[in-house]
Amino acid sequence: MTEPMLSRPRYPGLSADPHAKLNLIVCEGEGAGAVLDLAAKAPDGFFSRAAILFCATGASGSTYQTKLESLQPANFWVLPSIATAMFRLKGVLATATMGTRLYAAGTEPFIGSVLQEALAVGIDFKSVFTEHRGSAKRRIQCVHCKGLTEDVTASPFTCAHCGLTLFVRDHYSRRLGAFQGVCVDAEVPGEVPPVEELYP
Amino acid sequence: MGLMFKDETYRGDFTFYNSPEAIRHFPFPFHEDKYMYAVNIEPHAPGPKGSAYEFPIDVDEHYVADMKDRAIVLAEDPLRCQSLPHMITAEWDLVELLMTSMSEAYPEHFTLTRNGDAWHWINRPLGIDDEFTFGDTSTLRYPPMEYITRQCQGDFCLLDQRDGDLWMDSGMVTSQADWSLDFDIGMSFKEWHAPVPLAHEVGIFDRALKFLLAMQIGRPVRRLNWTMTINPRLDTSPENYHKWGTDRTTVTPENVGDKVHLRVELQALWRLPRSNAIVFSIRGYLIKMREVATIPKWSRRLHRVLKTLPPELAAYKGLTRYQQMTIDWLAKHDDGAPTTPGVWPE
């Protein structure tokens, strides 16, 4: 079956909102590439109404930082981790006004975190422009202990919290920004299929 | 009315069983000798006396045991009951629906007295006698949905309606067939149904959603769903799958009759008056193969349904490990005679 997973958000790509009073652009690692591509097609003056919040993860972090800065956004913030980036985003959203357009680009867990912050302040997820760049790694919630395991690239994997061996179910929660992990050998303990690197 | 509430368990020693009356009360789901998904929604109209459809909210001999099992689940995992803050009006709507339905159908067991917002609720089987102010959460020992669903059989979800969609924003879910409220809370109709195979392609959920969005007050509807469960276990949650999953490997040709259960969900939906939300109730009924075999039409038909079930559905319902053994056991109760249309015993 080739149908998309219906609970998983789609990430159709960034496009410039010419009417926004503030373009709040949150990106991580390779997601900076999506912002640079956006710049190539954005109308004049777009970045003078933009704030870029960049989480400089990955090997190309500093190169991207220079390129993003050269877009001359009204505000440019560089933060060292997803946690600090989300803390800053929370603060910016708390005082954001009508006419703010939110953009998110990077890995799926990163976009998921941005959407969680948006949800918390009542922004409709469908109004956020998103683009998936970089690793296909996933954040997984263990359905048994509820612990979140970050940076999962293979299935099955070991829950970082309770230690059960989980397979990744094709089901996504926007509220948690995570896929669901379910015990793979619940019926016959120890009977575990080979590990597949599904989300490199 | 002669309801005798049984002292029985859904875990540990698994003493649950159905009396002959409870067997005839069982909502057998197959109206023909094969099964495939259908929207199969019909009005939730009163059914024959003694059937699970006699009253809008069905209370049966398992009531007290069901409520004890729910209390055990909640003590271990309080997240089985969750409600987003905007659902409080719908929660009170649910209190009204359940208290009025139960007290009208079973006056010997439940009494509701209303004097404006001053309500008095008596639940004799559970020994509850509470006065409270309708609409004032501080006057109940639990939030409204939790309070009343600790006293009503079946799982309950409250669906908010907005943006042309339904949202799973509230629920009491302690006896589910492999879905997690904690994971699904906040999802839209198609999102929470995402893991169901086959049904999306044939447009089941498009049609069902369209129908539900147009639901009106006073016109509840219902449908049946089914799966199978090893041992009479109500809490077949994904949360505890690592604890009950091994049950599925314990079936042998000798114990099929007692271990393998048909599990039917009577799903009923009501539009709520104040909140415009929809109640989605999922009442699970269990019946052992040995009990099914006391109704010859049912054992013939279940045998034929299981034999012709599409493999994807068998896998989704988790039957694969014991499906053939169950078919073989039921074959002894199928003489090949034709069955009459409809679900009722001959």
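A residue counts as buried when its relative accessible area is under 20%. At 7% relative accessibility, B:Asp182 therefore counts as buried. The model described here is predicted.

## The salt bridge of B:Asp182

B:Asp182 pairs with A:Arg175 in a salt bridge, with 3.5 Å from N to O. This pair crosses between chains: B:Asp182 lies in helix H5 of chain B, and A:Arg175 lies in the loop between E9 and E10 of chain A. A:Arg175 is partly exposed, with a relative accessible area of 28%. The pair also belongs to a network. Salt bridges with shared partners join A:Lys146, A:Arg175, B:Asp182 and B:Glu239.

## The interface of chain A and chain B

The two chains meet through 28 residues of chain A and 26 residues of chain B. Together they bury about 2,400 Å², and 55% of this area is on carbon and sulfur atoms. Across this interface there are eight salt bridges. There are also 15 residue pairs in polar contact, both residues being at pLDDT 80 or more.

Which strands of chain A supply at least two residues each to the side that touches chain B? They are strand E9 (165–173) and strand E10 (178–183). E10(A) gives the most, with five residues. By type, this side of chain A divides into 14 nonpolar, six polar and eight charged residues.

A:Arg169 and B:Asp178 form a salt bridge at 3.1 Å, N to O. A:Arg169 sits in strand E9 of chain A, while B:Asp178 is in the loop between strand E7 (165–172) and helix H5 (181–184) of chain B. A:Arg169 has 18% relative accessibility, so it counts as buried. B:Asp178, at 28%, counts as partly exposed.

Over all chains, the count comes to 44 salt bridges. The table gives some of them.

| Salt bridge | N to O distance |
|---|---|
| A:Glu187 and B:Arg321 | 2.4 Å |
| A:Arg169 and B:Asp178 | 3.1 Å |
| B:Asp182 and A:Arg175 | 3.5 Å |
| B:Glu265 and B:Arg263 | 3.5 Å |

In the pair within chain B, both B:Glu265 and B:Arg263 are buried.

## Strands of chain A

Why is strand E1 (residues 22–28) of chain A largely enclosed by the rest of the structure? Six of its seven residues are buried. E1(A) runs parallel to strand E4 (residues 100–106), and six bridges join them. Here A:Leu22 stands opposite A:Thr100. E1(A) also runs parallel to strand E2 (residues 50–55), again with six bridges. In that pairing, A:Asn23 has A:Ala50 as its bridge partner.

Elsewhere in chain A, five strands form an open sheet with mixed pairing, in the order E7-E6-E10-E9-E8. Its edge strands are E7 (148–152) and E8 (157–158), each of which pairs on one side only. Strand E6 (residues 138–142) runs antiparallel to E7(A), and three bridges join them. A:Gln141 stands opposite A:Leu148 in E7(A).

## A hairpin in chain B

Strand E4 (residues 118–123) of chain B runs antiparallel to E5(B), with six bridges between them. The two strands form a hairpin with four residues between them. In the turn, B:Gly127 has a positive phi of about 65°. B:His120 stands opposite B:Glu131 in E5(B).

In a regular strand, side chains alternate between the two faces of the sheet.

How values were computed
Residues are numbered from 1 along each chain as its sequence is written. Chains are lettered from A and ligands numbered from 1 in the order in which they are written. This is a predicted model: local features need pLDDT of at least 70, side-chain atom pairs count only at pLDDT 80 or more; totals for chains, interfaces and linings use all residues. Side-chain values use heavy atoms; hydrogens and water are left out. Contact means heavy atoms within 4.5 Å. Buried area is the accessible area (1.4 Å probe) that two parts lose on being put together, summed over both. A salt bridge is a side-chain nitrogen of Lys or Arg within 4 Å of a carboxyl oxygen of Asp or Glu. A polar contact is a pair of N or O atoms within 3.5 Å; within protein, one must be able to donate a hydrogen and the other to accept it, and residues adjacent in sequence count only if both atoms are side-chain atoms. Ala, Val, Leu, Ile, Met, Phe, Trp, Tyr, Cys and Pro count as nonpolar, Asp, Glu, Lys and Arg as charged, and the others, Gly among them, as polar. Two strands pair if DSSP finds at least two bridges between them. Buried means under 20% relative accessible area, exposed over 50%, partly exposed in between (1.4 Å probe, protein chains only).
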